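Morning, everyone. Let me put the model on the screen, and then we'll go through the charged pairs and the core.

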Amino acid sequence: MNLFQPLISARSGSQEILITREFDAPRERVFHAYTDPGMLSRWLLPADLGMGIDSHDCRSGGRYRYRMPGPGGAQHAIFGVIHEVAAPERIIQTFEYDGLPERGLAVLECISFEALSADRTRLAIQRVCGSEAYRDGMVNAGMEPMLLELFRRLDQLLNN
């Protein structure tokens, strides 16, 4: 098993997606890449999309909103509430995408940063969707290739 490939688990009968990935960087640096708007804008979305950060208040009780071009040139947003930030161990937040036909499909996301030996980090992301069908839609919409690209870009950023 290649620990630098994201492992995505979405068991039948569950509304959960589990994603794990290891990085060759200290936990504090990986955590910072998730919480600093300047770093986020360099890796969070595929480069060909481009992304703007309207707001990013990364603290317990904060909010964020990122915009990106959607189909047909329309602007869409990813946004949510940050429920908890426990630096450098954990972020608990929601996210929604306003480009869906149905509104209010918030996903609860818990991101954990585990310090490993030799200044490495294991990232574990647990996403809980409102339904198994919504979860399957996320997975089948190209989640794995997109994560491969995002994590490749994050690796480059962490190693520079």
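Let's start here: is Asp 54 buried, partly exposed or exposed? Asp 54 is partly exposed, at a relative accessible area of 40%. The cut-offs: buried is under 20% relative accessible area, exposed is over 50%, and partly exposed lies in between, with a 1.4 Å probe and protein chains only.

Some ground rules. This is a predicted model, where local features need pLDDT of at least 70, side-chain atom pairs count only at pLDDT 80 or more, and totals for chains, interfaces and linings use all residues. Residues are numbered from 1 along each chain as its sequence is written, and side-chain values use heavy atoms, leaving out hydrogens and water.

Back to Asp 54. Arg 67 forms a salt bridge with it, with the closest N and O atoms 2.7 Å apart. By salt bridge I mean a side-chain nitrogen of Lys or Arg within 4 Å of a carboxyl oxygen of Asp or Glu. Arg 67 sits in strand S4 and Asp 54 in strand S3, so this pair ties together parts 13 residues apart in sequence. Strands here are DSSP runs of E, at least two residues; helices are runs of H or I, at least four; both are numbered from the N terminus. Arg 67 is partly exposed, at 36% relative accessibility.

Arg 65 also meets Asp 54 in a salt bridge, at 3.8 Å, N to O. Strand S4 covers residues 63-69 and strand S3 residues 52-56, so Arg 65 and Asp 54 tie together parts 11 residues apart. Arg 65 is partly exposed too, at 33%.

Next pair. Glu 22 and Arg 120 form a salt bridge at 2.2 Å, N to O. Glu 22 is in strand S2 (residues 16-23) and Arg 120 in strand S8 (residues 120-128), so they tie together parts 98 residues apart in sequence. Both residues are buried. The whole structure has 13 salt bridges.

Now the core. The largest nonpolar core has 35 residues; those touching the most other members include Tyr 34, Trp 43 and Phe 151. Such a core is a set of buried Ala, Val, Leu, Ile, Met, Phe, Trp, Tyr and Cys residues joined through side-chain atoms within 4.5 Å.
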